[in-house]
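Here is my note on the model you sent.

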Amino acid sequence: MDEFNKVRYHGPKKLACYNPFVNLYFNSRGQGVVCCRNQNTVLGTYPENPIKEIWFGDVANKLREHLLHNDLSMGCQYCEHQFNTSRFYGLPSMHADYYSSTKVTYPKIIELELSNTCNLQCVMCSGIVSSSIRKWREKLPPLESHYDDEFVRQLSEFLPHAKEIKFYGGEPFLIETYYKIWDKLLSINSKAKLHVVTNGTVLSDKVRNYLKKLNFTITVSFDALDKKLFESIRQGADFDKVKKNIDEYNVLLGGKGLSLSLTPMKMNCKEVPRVIDYCNSMNATINLSFVENPAELALWTMSSIELKELEIFYNSYKFAAYQGVNAEYNINAFRQFVNQIGVYIRNNREREDEFFQNLKTEEECLSIVNNILDEALLENVIFESDRLIILKTIKDVPESFTSFEQQLYFGNLAGFIEKHGLESIKSLMTDGLSLFKLTDKLVSFSEMKDIYSKSYQDINNP
(Lines give C-alpha, C1' and ligand atoms only; values in the text may rest on other atoms or scores of the structure.)
Protein backbone atom coordinates (compact mmCIF):
# COMPACT_ATOMS: atom_id res chain seq x y z
CA MET A 1 0.00 0.00 0.00
CA ASP A 2 2.87 2.40 0.75
CA GLU A 3 4.37 1.78 -2.70
CA PHE A 4 0.98 1.99 -4.39
CA ASN A 5 0.06 5.24 -2.69
CA LYS A 6 3.22 6.90 -4.01
CA VAL A 7 2.07 6.52 -7.62
CA ARG A 8 -1.70 6.99 -7.38
CA TYR A 9 -2.91 9.78 -9.67
CA HIS A 10 -5.17 11.33 -7.06
CA GLY A 11 -2.93 10.98 -4.03
CA PRO A 12 -2.72 8.41 -1.21
CA LYS A 13 -5.89 6.56 -0.28
CA LYS A 14 -6.98 4.41 2.63
CA LEU A 15 -8.30 1.59 0.47
CA ALA A 16 -6.55 -0.38 -2.25
CA CYS A 17 -9.70 -0.33 -4.41
CA TYR A 18 -12.93 1.66 -4.52
CA ASN A 19 -14.50 -0.22 -7.44
CA PRO A 20 -17.16 -2.01 -5.33
CA PHE A 21 -18.45 1.39 -4.18
CA VAL A 22 -18.41 3.31 -7.46
CA ASN A 23 -18.14 0.86 -10.39
CA LEU A 24 -20.66 -1.51 -11.99
CA TYR A 25 -19.57 -3.82 -14.81
CA PHE A 26 -21.78 -6.03 -17.02
CA ASN A 27 -20.09 -8.83 -18.98
CA SER A 28 -21.26 -10.72 -22.08
CA ARG A 29 -22.69 -13.52 -19.92
CA GLY A 30 -25.25 -11.23 -18.32
CA GLN A 31 -23.30 -11.04 -15.07
CA GLY A 32 -22.93 -7.90 -13.02
CA VAL A 33 -19.50 -7.54 -11.36
CA VAL A 34 -17.48 -4.59 -10.06
CA CYS A 35 -14.37 -4.94 -12.20
CA CYS A 36 -13.12 -6.36 -15.50
CA ARG A 37 -10.53 -8.43 -13.61
CA ASN A 38 -12.83 -9.84 -10.94
CA GLN A 39 -15.26 -12.04 -12.87
CA ASN A 40 -15.54 -14.58 -10.04
CA THR A 41 -17.62 -12.55 -7.60
CA VAL A 42 -20.91 -12.16 -9.47
CA LEU A 43 -23.25 -9.61 -7.92
CA GLY A 44 -26.21 -10.88 -9.93
CA THR A 45 -27.23 -11.92 -13.43
CA TYR A 46 -29.49 -10.05 -15.84
CA PRO A 47 -32.36 -10.63 -16.65
CA GLU A 48 -32.88 -12.90 -13.61
CA ASN A 49 -31.90 -9.98 -11.37
CA PRO A 50 -32.88 -6.36 -12.08
CA ILE A 51 -29.98 -3.90 -12.30
CA LYS A 52 -30.93 -2.18 -9.03
CA GLU A 53 -30.93 -5.53 -7.21
CA ILE A 54 -27.52 -6.37 -8.65
CA TRP A 55 -25.92 -3.11 -7.52
CA PHE A 56 -27.59 -2.72 -4.13
CA GLY A 57 -27.74 -6.46 -3.24
CA ASP A 58 -26.14 -8.69 -0.60
CA VAL A 59 -23.20 -9.97 -2.66
CA ALA A 60 -22.14 -6.44 -3.55
CA ASN A 61 -22.31 -5.43 0.10
CA LYS A 62 -20.23 -8.44 1.14
CA LEU A 63 -17.51 -7.56 -1.37
CA ARG A 64 -17.55 -3.96 -0.16
CA GLU A 65 -16.98 -5.20 3.37
CA HIS A 66 -13.91 -7.15 2.21
CA LEU A 67 -12.42 -4.17 0.41
CA LEU A 68 -13.05 -1.90 3.39
CA HIS A 69 -10.33 -4.02 5.04
CA ASN A 70 -8.13 -4.22 1.92
CA ASP A 71 -8.97 -7.92 1.74
CA LEU A 72 -8.39 -9.10 -1.86
CA SER A 73 -9.50 -12.68 -1.26
CA MET A 74 -12.97 -12.30 -2.80
CA GLY A 75 -11.97 -12.72 -6.45
CA CYS A 76 -9.27 -10.03 -6.65
CA GLN A 77 -6.34 -12.34 -7.50
CA TYR A 78 -5.30 -10.33 -10.55
CA CYS A 79 -4.63 -7.18 -8.54
CA GLU A 80 -3.05 -9.25 -5.78
CA HIS A 81 -0.49 -10.50 -8.32
CA GLN A 82 0.23 -6.96 -9.53
CA PHE A 83 0.69 -5.85 -5.91
CA ASN A 84 3.05 -8.75 -5.23
CA THR A 85 5.17 -7.75 -8.22
CA SER A 86 4.94 -4.00 -7.47
CA ARG A 87 3.33 -3.11 -10.79
CA PHE A 88 0.61 -0.55 -10.16
CA TYR A 89 0.24 1.35 -13.42
CA GLY A 90 -2.79 0.01 -15.24
CA LEU A 91 -4.43 -1.51 -12.17
CA PRO A 92 -8.21 -1.56 -12.72
CA SER A 93 -8.64 0.06 -9.32
CA MET A 94 -6.81 3.23 -10.39
CA HIS A 95 -9.69 4.74 -12.37
CA ALA A 96 -11.99 4.56 -9.33
CA ASP A 97 -9.58 6.60 -7.19
CA TYR A 98 -10.96 9.88 -8.51
CA TYR A 99 -14.22 9.21 -6.64
CA SER A 100 -12.75 7.30 -3.65
CA SER A 101 -16.08 7.15 -1.86
CA THR A 102 -17.41 4.32 0.31
CA LYS A 103 -20.93 5.72 0.31
CA VAL A 104 -23.14 3.48 -1.82
CA THR A 105 -25.30 5.46 -4.23
CA TYR A 106 -25.73 4.97 -7.97
CA PRO A 107 -22.43 3.92 -9.57
CA LYS A 108 -20.20 6.73 -10.79
CA ILE A 109 -18.64 4.42 -13.38
CA ILE A 110 -20.54 1.97 -15.58
CA GLU A 111 -18.59 -0.55 -17.68
CA LEU A 112 -20.36 -2.50 -20.39
CA GLU A 113 -19.19 -5.64 -22.17
CA LEU A 114 -22.61 -6.57 -23.52
CA SER A 115 -21.61 -8.73 -26.47
CA ASN A 116 -18.70 -10.69 -27.89
CA THR A 117 -19.49 -9.56 -31.45
CA CYS A 118 -16.07 -9.16 -33.06
CA ASN A 119 -14.53 -9.33 -36.50
CA LEU A 120 -11.05 -10.50 -35.39
CA GLN A 121 -9.48 -13.71 -34.08
CA CYS A 122 -6.60 -12.45 -31.94
CA VAL A 123 -4.16 -15.19 -30.87
CA MET A 124 -4.41 -14.47 -27.14
CA CYS A 125 -8.18 -14.10 -27.16
CA SER A 126 -11.07 -16.54 -26.70
CA GLY A 127 -14.65 -17.02 -27.83
CA ILE A 128 -15.94 -15.33 -24.68
CA VAL A 129 -14.87 -11.97 -26.13
CA SER A 130 -14.81 -12.77 -29.86
CA SER A 131 -17.72 -14.18 -31.80
CA SER A 132 -15.35 -14.93 -34.70
CA ILE A 133 -13.12 -17.10 -32.50
CA ARG A 134 -16.14 -18.83 -31.00
CA LYS A 135 -17.47 -19.66 -34.48
CA TRP A 136 -14.30 -20.50 -36.43
CA ARG A 137 -11.64 -21.52 -33.91
CA GLU A 138 -13.71 -23.07 -31.12
CA LYS A 139 -16.54 -24.37 -33.37
CA LEU A 140 -19.15 -23.39 -30.75
CA PRO A 141 -22.63 -21.89 -31.11
CA PRO A 142 -23.04 -18.13 -30.54
CA LEU A 143 -23.17 -16.86 -26.97
CA GLU A 144 -26.67 -16.33 -25.64
CA SER A 145 -27.72 -12.69 -25.92
CA HIS A 146 -28.70 -11.36 -22.48
CA TYR A 147 -29.23 -7.67 -23.09
CA ASP A 148 -32.45 -6.36 -24.59
CA ASP A 149 -34.42 -3.13 -24.76
CA GLU A 150 -35.60 -3.71 -21.18
CA PHE A 151 -31.96 -3.66 -20.05
CA VAL A 152 -31.49 -0.31 -21.78
CA ARG A 153 -34.69 0.93 -20.10
CA GLN A 154 -33.48 -0.14 -16.63
CA LEU A 155 -30.05 1.29 -17.31
CA SER A 156 -31.62 4.63 -18.18
CA GLU A 157 -32.28 5.20 -14.46
CA PHE A 158 -28.52 4.88 -13.83
CA LEU A 159 -27.24 6.93 -16.78
CA PRO A 160 -27.88 10.45 -15.37
CA HIS A 161 -25.79 9.57 -12.28
CA ALA A 162 -22.83 8.14 -14.19
CA LYS A 163 -19.70 10.25 -14.54
CA GLU A 164 -17.96 7.70 -16.75
CA ILE A 165 -19.34 4.98 -19.03
CA LYS A 166 -17.05 2.50 -20.75
CA PHE A 167 -17.86 0.31 -23.72
CA TYR A 168 -16.01 -2.93 -24.40
CA GLY A 169 -16.48 -5.90 -26.71
CA GLY A 170 -16.00 -7.80 -28.82
CA GLU A 171 -15.74 -4.77 -31.02
CA PRO A 172 -17.91 -1.99 -29.52
CA PHE A 173 -18.55 -0.24 -32.83
CA LEU A 174 -20.22 -3.45 -34.08
CA ILE A 175 -22.58 -3.82 -31.09
CA GLU A 176 -26.02 -2.33 -31.80
CA THR A 177 -27.09 -2.05 -28.14
CA TYR A 178 -24.35 0.54 -27.59
CA TYR A 179 -25.86 2.81 -30.23
CA LYS A 180 -29.18 2.66 -28.36
CA ILE A 181 -27.41 3.66 -25.14
CA TRP A 182 -25.60 6.51 -26.92
CA ASP A 183 -28.96 7.72 -28.21
CA LYS A 184 -30.27 7.72 -24.62
CA LEU A 185 -27.24 9.73 -23.54
CA LEU A 186 -27.82 12.24 -26.33
CA SER A 187 -31.47 12.59 -25.29
CA ILE A 188 -30.52 13.55 -21.71
CA ASN A 189 -27.66 15.79 -22.90
CA SER A 190 -25.19 13.68 -20.91
CA LYS A 191 -21.78 15.15 -20.12
CA ALA A 192 -20.42 11.82 -18.90
CA LYS A 193 -16.98 10.76 -20.09
CA LEU A 194 -17.50 7.89 -22.53
CA HIS A 195 -14.70 5.47 -23.26
CA VAL A 196 -14.49 2.86 -26.01
CA VAL A 197 -11.92 0.08 -26.30
CA THR A 198 -11.80 -0.80 -29.99
CA ASN A 199 -9.66 -2.94 -32.25
CA GLY A 200 -9.42 0.04 -34.60
CA THR A 201 -10.94 -1.64 -37.64
CA VAL A 202 -14.26 0.26 -37.65
CA LEU A 203 -14.67 3.95 -38.41
CA SER A 204 -17.89 4.72 -40.30
CA ASP A 205 -19.80 7.97 -40.71
CA LYS A 206 -22.19 6.70 -38.03
CA VAL A 207 -19.30 6.28 -35.60
CA ARG A 208 -17.87 9.70 -36.52
CA ASN A 209 -21.24 11.30 -35.74
CA TYR A 210 -21.34 9.90 -32.18
CA LEU A 211 -17.70 10.74 -31.57
CA LYS A 212 -18.43 14.37 -32.45
CA LYS A 213 -21.63 14.70 -30.40
CA LEU A 214 -20.67 12.88 -27.19
CA ASN A 215 -17.70 13.17 -24.84
CA PHE A 216 -15.60 10.21 -26.01
CA THR A 217 -12.12 8.91 -25.35
CA ILE A 218 -10.77 5.89 -27.18
CA THR A 219 -8.35 3.05 -26.52
CA VAL A 220 -7.15 1.12 -29.55
CA SER A 221 -5.77 -2.38 -29.09
CA PHE A 222 -2.43 -2.19 -30.88
CA ASP A 223 0.20 -4.86 -30.34
CA ALA A 224 3.03 -4.09 -32.77
CA LEU A 225 4.40 -1.49 -35.14
CA ASP A 226 5.64 -4.25 -37.41
CA LYS A 227 2.89 -4.88 -39.97
CA LYS A 228 3.48 -8.62 -40.36
CA LEU A 229 3.69 -9.20 -36.61
CA PHE A 230 0.63 -7.03 -35.92
CA GLU A 231 -1.49 -8.94 -38.43
CA SER A 232 -0.27 -12.30 -37.11
CA ILE A 233 -1.54 -11.32 -33.64
CA ARG A 234 -4.67 -9.35 -34.60
CA GLN A 235 -5.81 -11.93 -37.13
CA GLY A 236 -8.27 -10.42 -39.58
CA ALA A 237 -7.05 -6.83 -39.13
CA ASP A 238 -5.36 -4.68 -41.76
CA PHE A 239 -2.41 -2.88 -40.15
CA ASP A 240 -2.48 0.07 -42.54
CA LYS A 241 -6.21 0.61 -42.08
CA VAL A 242 -5.94 0.45 -38.28
CA LYS A 243 -3.04 2.89 -38.24
CA LYS A 244 -4.98 5.27 -40.49
CA ASN A 245 -8.02 5.01 -38.20
CA ILE A 246 -5.84 5.74 -35.17
CA ASP A 247 -4.75 8.99 -36.81
CA GLU A 248 -8.37 9.95 -37.51
CA TYR A 249 -9.52 8.99 -33.99
CA ASN A 250 -6.85 11.34 -32.67
CA VAL A 251 -8.11 14.19 -34.87
CA LEU A 252 -11.76 13.55 -33.93
CA LEU A 253 -10.79 13.64 -30.24
CA GLY A 254 -8.95 16.93 -30.68
CA GLY A 255 -5.53 15.44 -29.99
CA LYS A 256 -6.45 14.28 -26.49
CA GLY A 257 -8.22 11.25 -25.07
CA LEU A 258 -6.45 8.63 -27.20
CA SER A 259 -4.63 5.63 -25.75
CA LEU A 260 -3.17 2.41 -27.11
CA SER A 261 -3.46 -0.94 -25.37
CA LEU A 262 -0.57 -3.31 -25.99
CA THR A 263 -0.58 -6.91 -24.77
CA PRO A 264 3.07 -7.92 -24.19
CA MET A 265 3.62 -11.58 -25.09
CA LYS A 266 6.60 -13.69 -26.11
CA MET A 267 6.06 -12.89 -29.78
CA ASN A 268 5.82 -9.10 -29.46
CA CYS A 269 7.59 -8.21 -26.20
CA LYS A 270 10.32 -6.27 -28.01
CA GLU A 271 7.67 -4.03 -29.58
CA VAL A 272 6.76 -2.50 -26.21
CA PRO A 273 9.17 0.47 -26.20
CA ARG A 274 8.58 1.16 -29.92
CA VAL A 275 4.82 1.39 -29.37
CA ILE A 276 5.42 3.68 -26.38
CA ASP A 277 7.49 5.96 -28.62
CA TYR A 278 4.56 5.92 -31.04
CA CYS A 279 2.19 6.88 -28.21
CA ASN A 280 4.45 9.71 -27.11
CA SER A 281 4.52 11.09 -30.66
CA MET A 282 0.70 11.43 -30.58
CA ASN A 283 0.32 12.57 -26.96
CA ALA A 284 -1.46 9.24 -26.34
CA THR A 285 -1.19 7.06 -23.25
CA ILE A 286 -0.13 3.43 -23.14
CA ASN A 287 -1.92 0.59 -21.41
CA LEU A 288 0.26 -2.50 -20.99
CA SER A 289 -2.21 -5.31 -20.63
CA PHE A 290 -1.30 -8.48 -18.75
CA VAL A 291 -1.50 -12.00 -20.14
CA GLU A 292 -2.14 -14.69 -17.57
CA ASN A 293 -3.53 -17.15 -20.10
CA PRO A 294 -2.82 -18.70 -22.54
CA ALA A 295 0.26 -19.45 -20.42
CA GLU A 296 2.32 -20.52 -23.43
CA LEU A 297 2.11 -16.95 -24.76
CA ALA A 298 2.74 -15.23 -21.42
CA LEU A 299 6.00 -13.61 -20.39
CA TRP A 300 6.00 -15.29 -16.99
CA THR A 301 6.58 -18.70 -18.65
CA MET A 302 9.83 -17.56 -20.28
CA SER A 303 13.12 -18.90 -18.92
CA SER A 304 15.16 -16.66 -16.64
CA ILE A 305 17.81 -16.39 -19.39
CA GLU A 306 15.27 -15.20 -21.95
CA LEU A 307 13.76 -12.78 -19.44
CA LYS A 308 17.19 -11.41 -18.52
CA GLU A 309 17.95 -10.77 -22.20
CA LEU A 310 14.61 -8.99 -22.47
CA GLU A 311 15.34 -6.90 -19.38
CA ILE A 312 18.73 -5.87 -20.82
CA PHE A 313 17.05 -4.92 -24.10
CA TYR A 314 14.46 -2.81 -22.29
CA ASN A 315 17.03 -1.05 -20.11
CA SER A 316 19.23 -0.24 -23.11
CA TYR A 317 16.40 1.15 -25.24
CA LYS A 318 16.73 4.87 -25.94
CA PHE A 319 13.35 6.55 -26.13
CA ALA A 320 12.86 9.45 -28.51
CA ALA A 321 12.70 12.85 -26.87
CA TYR A 322 9.37 13.30 -25.15
CA GLN A 323 7.49 15.83 -23.07
CA GLY A 324 4.11 16.13 -21.38
CA VAL A 325 2.14 14.39 -18.69
CA ASN A 326 1.06 11.49 -20.91
CA ALA A 327 4.59 10.72 -22.02
CA GLU A 328 5.81 10.84 -18.43
CA TYR A 329 3.06 8.42 -17.45
CA ASN A 330 4.03 6.10 -20.31
CA ILE A 331 7.68 5.98 -19.26
CA ASN A 332 6.76 5.30 -15.64
CA ALA A 333 4.34 2.54 -16.70
CA PHE A 334 7.14 1.02 -18.78
CA ARG A 335 9.58 1.13 -15.85
CA GLN A 336 7.16 -0.70 -13.58
CA PHE A 337 6.61 -3.25 -16.33
CA VAL A 338 10.38 -3.81 -16.53
CA ASN A 339 10.50 -4.16 -12.74
CA GLN A 340 7.88 -6.90 -12.98
CA ILE A 341 10.12 -8.71 -15.49
CA GLY A 342 12.83 -8.59 -12.81
CA VAL A 343 10.54 -10.36 -10.35
CA TYR A 344 9.89 -13.11 -12.90
CA ILE A 345 13.63 -13.51 -13.50
CA ARG A 346 14.34 -14.12 -9.82
CA ASN A 347 11.42 -16.49 -9.31
CA ASN A 348 11.99 -18.49 -12.49
CA ARG A 349 15.71 -18.81 -11.77
CA GLU A 350 14.92 -20.37 -8.40
CA ARG A 351 12.53 -22.81 -10.07
CA GLU A 352 15.10 -23.68 -12.75
CA ASP A 353 17.84 -24.27 -10.15
CA GLU A 354 15.55 -26.65 -8.31
CA PHE A 355 14.60 -28.42 -11.55
CA PHE A 356 18.15 -28.94 -12.82
CA GLN A 357 19.47 -30.07 -9.45
CA ASN A 358 17.01 -32.97 -9.57
CA LEU A 359 17.60 -33.79 -13.25
CA LYS A 360 19.16 -37.20 -13.93
CA THR A 361 22.38 -37.39 -15.98
CA GLU A 362 22.77 -39.28 -19.28
CA GLU A 363 24.49 -42.13 -17.47
CA GLU A 364 21.76 -42.35 -14.84
CA CYS A 365 19.09 -42.18 -17.55
CA LEU A 366 20.56 -45.04 -19.59
CA SER A 367 20.84 -47.16 -16.44
CA ILE A 368 17.13 -46.57 -15.72
CA VAL A 369 16.27 -47.36 -19.36
CA ASN A 370 18.21 -50.62 -19.32
CA ASN A 371 16.56 -51.71 -16.09
CA ILE A 372 13.04 -51.07 -17.39
CA LEU A 373 13.83 -52.85 -20.69
CA ASP A 374 15.15 -55.85 -18.73
CA GLU A 375 11.90 -55.92 -16.81
CA ALA A 376 9.92 -55.67 -20.05
CA LEU A 377 11.85 -58.64 -21.47
CA LEU A 378 11.09 -60.75 -18.41
CA GLU A 379 7.40 -59.85 -18.68
CA ASN A 380 7.39 -60.71 -22.41
CA VAL A 381 6.34 -57.15 -23.28
CA ILE A 382 9.19 -56.88 -25.83
CA PHE A 383 11.58 -59.15 -27.70
CA GLU A 384 15.37 -58.81 -27.61
CA SER A 385 15.24 -57.30 -31.13
CA ASP A 386 12.82 -54.63 -29.86
CA ARG A 387 15.16 -53.90 -26.96
CA LEU A 388 18.09 -53.27 -29.29
CA ILE A 389 16.04 -50.99 -31.55
CA ILE A 390 14.68 -48.98 -28.60
CA LEU A 391 18.15 -48.54 -27.09
CA LYS A 392 19.69 -47.51 -30.41
CA THR A 393 16.92 -45.00 -31.08
CA ILE A 394 17.25 -43.49 -27.59
CA LYS A 395 20.97 -42.93 -28.22
CA ASP A 396 20.57 -41.71 -31.82
CA VAL A 397 17.78 -39.16 -31.31
CA PRO A 398 19.78 -36.58 -29.29
CA GLU A 399 22.77 -36.50 -31.69
CA SER A 400 21.54 -33.30 -33.37
CA PHE A 401 20.52 -31.63 -30.10
CA THR A 402 22.40 -28.82 -28.39
CA SER A 403 24.11 -29.72 -25.12
CA PHE A 404 21.28 -27.96 -23.25
CA GLU A 405 18.64 -29.95 -25.15
CA GLN A 406 20.56 -33.18 -24.45
CA GLN A 407 20.59 -32.39 -20.74
CA LEU A 408 16.82 -31.89 -20.83
CA TYR A 409 16.34 -34.96 -23.01
CA PHE A 410 18.03 -37.48 -20.74
CA GLY A 411 16.69 -35.89 -17.55
CA ASN A 412 13.08 -35.75 -18.77
CA LEU A 413 13.27 -39.27 -20.22
CA ALA A 414 14.56 -40.66 -16.92
CA GLY A 415 11.83 -38.84 -15.00
CA PHE A 416 9.14 -40.12 -17.37
CA ILE A 417 10.26 -43.75 -17.03
CA GLU A 418 10.59 -43.49 -13.26
CA LYS A 419 7.05 -42.12 -13.07
CA HIS A 420 5.36 -44.55 -15.47
CA GLY A 421 7.55 -47.65 -15.06
CA LEU A 422 6.69 -50.70 -17.13
CA GLU A 423 3.49 -49.05 -18.37
CA SER A 424 5.61 -46.70 -20.49
CA ILE A 425 6.94 -49.69 -22.46
CA LYS A 426 3.56 -51.41 -22.64
CA SER A 427 2.04 -48.24 -24.07
CA LEU A 428 4.81 -48.04 -26.65
CA MET A 429 4.19 -51.65 -27.75
CA THR A 430 0.36 -51.47 -27.85
CA ASP A 431 0.18 -51.89 -31.63
CA GLY A 432 3.69 -53.18 -32.12
CA LEU A 433 6.91 -51.16 -32.08
CA SER A 434 6.61 -48.02 -34.21
CA LEU A 435 9.84 -46.12 -34.79
CA PHE A 436 7.86 -43.01 -35.76
CA LYS A 437 5.85 -43.11 -32.53
CA LEU A 438 8.98 -43.79 -30.46
CA THR A 439 11.04 -41.03 -32.10
CA ASP A 440 8.24 -38.49 -31.82
CA LYS A 441 7.89 -39.21 -28.11
CA LEU A 442 11.63 -39.08 -27.51
CA VAL A 443 12.04 -35.73 -29.27
CA SER A 444 9.46 -34.21 -26.93
CA PHE A 445 11.77 -34.90 -23.97
CA SER A 446 14.23 -32.28 -25.29
CA GLU A 447 11.72 -29.53 -24.50
CA MET A 448 11.64 -27.58 -21.26
CA LYS A 449 8.86 -28.79 -18.99
CA ASP A 450 6.38 -26.36 -17.47
CA ILE A 451 8.22 -25.53 -14.29
CA TYR A 452 7.00 -21.93 -14.11
CA SER A 453 3.39 -22.35 -13.01
CA LYS A 454 4.54 -23.06 -9.47
CA SER A 455 6.79 -20.00 -9.60
CA TYR A 456 3.85 -17.89 -10.71
CA GLN A 457 1.72 -19.32 -7.90
CA ASP A 458 4.48 -18.54 -5.41
CA ILE A 459 4.32 -14.89 -6.41
CA ASN A 460 0.56 -14.88 -5.88
CA ASN A 461 0.89 -16.57 -2.49
CA PRO A 462 3.98 -15.05 -0.86
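1. A residue is called buried under 20% relative accessible area, exposed over 50%, and partly exposed in between (1.4 Å probe, protein chains only). By that rule D374 is partly exposed, at 34% relative accessibility. R387 is buried, at 12%.

2. The model is predicted: local features need pLDDT of at least 70 and side-chain atom pairs count only at pLDDT 80 or more, while totals for chains, interfaces and linings use all residues. Residues are numbered from 1 along each chain as its sequence is written, and side-chain values use heavy atoms, with hydrogens and water left out.

3. Overall make-up. The protein has 20 helices and nine strands; these are DSSP runs numbered from the N terminus (helices H or I, at least four residues; strands E, at least two). The C-alpha trace spans about 85 × 55 × 45 Å along its principal axes. Of the 462 residues, 52% count as buried.

4. Contacts and surface. A contact means heavy atoms within 4.5 Å. Among contacts between residues at least 6 apart in sequence, 71% join residues at least 24 apart. The accessible surface comes to about 21,900 Å² (Shrake-Rupley method, 1.4 Å probe). Carbon and sulfur atoms account for 50% of that surface.

5. Charges. There are 53 positive and 59 negative side chains, where Lys and Arg count as positive, Asp and Glu as negative, and His and the chain ends are not counted. The centres of the two sets lie 9 Å apart, with each charge placed at NZ of Lys, CZ of Arg, CG of Asp or CD of Glu.

6. Salt bridges. The structure holds 18 of them, each being a side-chain nitrogen of Lys or Arg within 4 Å of a carboxyl oxygen of Asp or Glu. D374 and R387 form one, with the closest N and O atoms 2.9 Å apart. D374 is in helix α15 (residues 362–378) and R387 in helix α16 (residues 384–396), so this bridge ties together parts 13 residues apart in sequence.

7. A second pair between helices. E176 bridges to K206, the closest N and O atoms being 3.7 Å apart. Because E176 sits in helix α8 (residues 176–187) and K206 in helix α9 (residues 205–213), the pair ties together parts 30 residues apart in sequence. K206 is partly exposed, with a relative accessible area of 40%.

8. E423 and K426 form a salt bridge, with closest N and O atoms 3.7 Å apart. Both lie in helix α18 (residues 422–428), three residues apart, or about one turn of the helix. K426 is partly exposed at 37% relative accessibility. Elsewhere, D205, R208 and E248 are linked in a network of salt bridges.
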